[in-house]
Amino acid sequence: MGNVSWLIILSLCASLVDCLDLGPVVRIAQCRSQCLRIYSTDGTCDWFSSRPETVCSECWQNCEAVEKRWEETSKTICEGDRYAQCPACQTACTYRKTRVAEKYMPSMLPAPRKGPVNLDNFDVAIVMRKVHKQWKDTGYYPGGRVPNLRPDTWIIVVTEQGMKQYSWQEWVPTLESLKEGLLYEATVSWRDVSTQLRRQQDLEQKRFNDRVRQFFLEKYGEKVLTEWRSQEDSQISEEVFRRFFFRRKDERNDEVLDTDGSPSTNGNSFEDLTVEKDESSKKKESYIVSWEPETGGLIGNQVTDSNSVQISLFPGTKYLVRIASNEGPGSFPIEVDTRPGSIQVKRVKRNFQDFYPWDIYAACIAAAIIIFAIAVVKFLRRKKKVNVEDV
């Protein structure tokens, strides 16, 4: 079932221009993971210009070369005397000759996780960043160097057991209804994605404001305040002083802090992220609704181009349901529980059974009262009009 579903997704993606193919970056990371297993003991594979190149770092560089420039590298480092005398070349070239070149769509990744990023020694993290509204790979990190998950990043990790991903953008679909039957019919929607992301960005913006305020107060506050108070003819008014240290959100560029705690101009601002999301939401995008038992098992997938879908689930099972996309990390999962004693099933029974008959009776009585009141008003207006004509 899973293989058939992924074939359908791949065939759908083949007809779309904007599909993001992660295949090349995943293959580079898998090759580099082999370099770590063979030539590294602590998960580091760094090379510094002031030191001789290590076998691990040479293998690390060769992995990208054989993936992106195979026509050239197949003759330079994968043949002849250099190949025979270069263990790092042999590792990268062997992987390139034996690996399977196929598309790897973002929707094929498992559900995203929250930060912080966790890496084992031989894992390789791929840092993706949005550049001109498109995700681009901007760095690869070995297990010994864990990257930070920032608001403008999406991190994909290649492990020995498979793949995992970390996303800063956190949104979840909504379970609209769950109808009981031979198969449970669950209606899931994701109409408020922009609202969820904007709320998350506002919260992050508030935290950033607090960090910047704390940084300036600790580093400059006492000095500036002392100088300001010592100058009787100071040109800096109290209002200007307060606005410098306590600027509002709309008066400051949204930046992230560098590792030393100072403001940085690297990366996109939170407003830019919101605008990009709003603009990208105007495009027609296909989604893959994916569900699987919480304990593992068969995975179900359904492709749709709308923002809601109805899926059929077996009774007596707790499912994880998420919305995957071929343009990014997709949603975090929600739980849909079809077990008899679950809260969701009780809520569904209350919504669809306890609703009758009293709620319908009350609605009918209210409608009758409104109709009667309208009729009385019309009758009084007509009677008043007749009296005026008689006069």
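In this predicted model, helix H2 (residues 23–39) and helix H6 (residues 87–98) pack at an angle of about 140°, with their axes 10 Å apart. Axes here are lines fitted to C-alpha atoms, for helices over the stretch in contact, and angles run from 0 to 180 degrees between N-to-C directions; helices (H or I, at least four residues) and strands (E, at least two) are DSSP runs, numbered from the N terminus. H2 and H6 are therefore oblique to each other, since angles under 35 degrees count as roughly parallel, over 145 as roughly antiparallel, 65 to 115 as roughly perpendicular and the rest as oblique. Their crossing is right-handed, a crossing being left-handed if the near helix is turned anticlockwise from the far one by less than a right angle, and right-handed if clockwise.

Contact, meaning heavy atoms within 4.5 Å, is made by Arg27, Gln30, Cys31, Gln34, Ile38 and Tyr39 of H2 and by Pro87, Ala88, Thr91, Ala92 and Tyr95 of H6. These residues divide into seven nonpolar, three polar and one charged, where Ala, Val, Leu, Ile, Met, Phe, Trp, Tyr, Cys and Pro count as nonpolar, Asp, Glu, Lys and Arg as charged, and the others, Gly among them, as polar.

Residues are numbered from 1 along each chain as its sequence is written. As the model is predicted, local features need pLDDT of at least 70, side-chain atom pairs count only at pLDDT 80 or more, and totals for chains, interfaces and linings use all residues, while side-chain values use heavy atoms, with hydrogens and water left out.

H2 also packs on helix H3 (residues 55–68), and the two axes come within 9 Å and cross at roughly 155°, which makes H2 roughly antiparallel to H3. On the H2 side the contact includes Pro24, Ile28, Cys35 and Leu36, and on the H3 side it includes Cys56, Trp60, Glu64 and Lys68. H3 in turn packs with H6 at an angle of about 30°, with axes 8 Å apart, which makes H3 roughly parallel to H6. Among the residues in that contact are Glu58, Asn62 and Val66 of H3 and Cys89, Cys93 and Arg96 of H6.

| Helix pair | Handedness | Residues in the contact, by class |
|---|---|---|
| H2 and H3 | right-handed | 11 nonpolar, one polar, five charged |
| H3 and H6 | right-handed | eight nonpolar, two polar, two charged |

Two backbone features lie in loops. The peptide bond from Gly115 to Pro116 is cis, with omega near 5°, and Pro116 is placed in the loop between H6 and strand E1 (124–131). His132, although not a glycine, has a positive phi of about 55°, and this residue lies in the loop between E1 and strand E2 (134–142).

The second largest pocket holds about 280 Å³ of space. A pocket is an open set of points on a 1 Å grid over the protein atoms alone, where a 1.4 Å probe fits, with protein on both sides within 12 Å along at least five of seven lines, and lining residues have an atom within 4 Å of a point; grid points are joined across faces, edges and corners, and a volume is the space filled by probe spheres set on the points. Of the 14 lining residues, Lys114, Gly115, Leu149, Trp168 and Gln200 are the closest to the centre of this pocket. Helix H7 (residues 193–230) gives the largest share of the lining, four residues.
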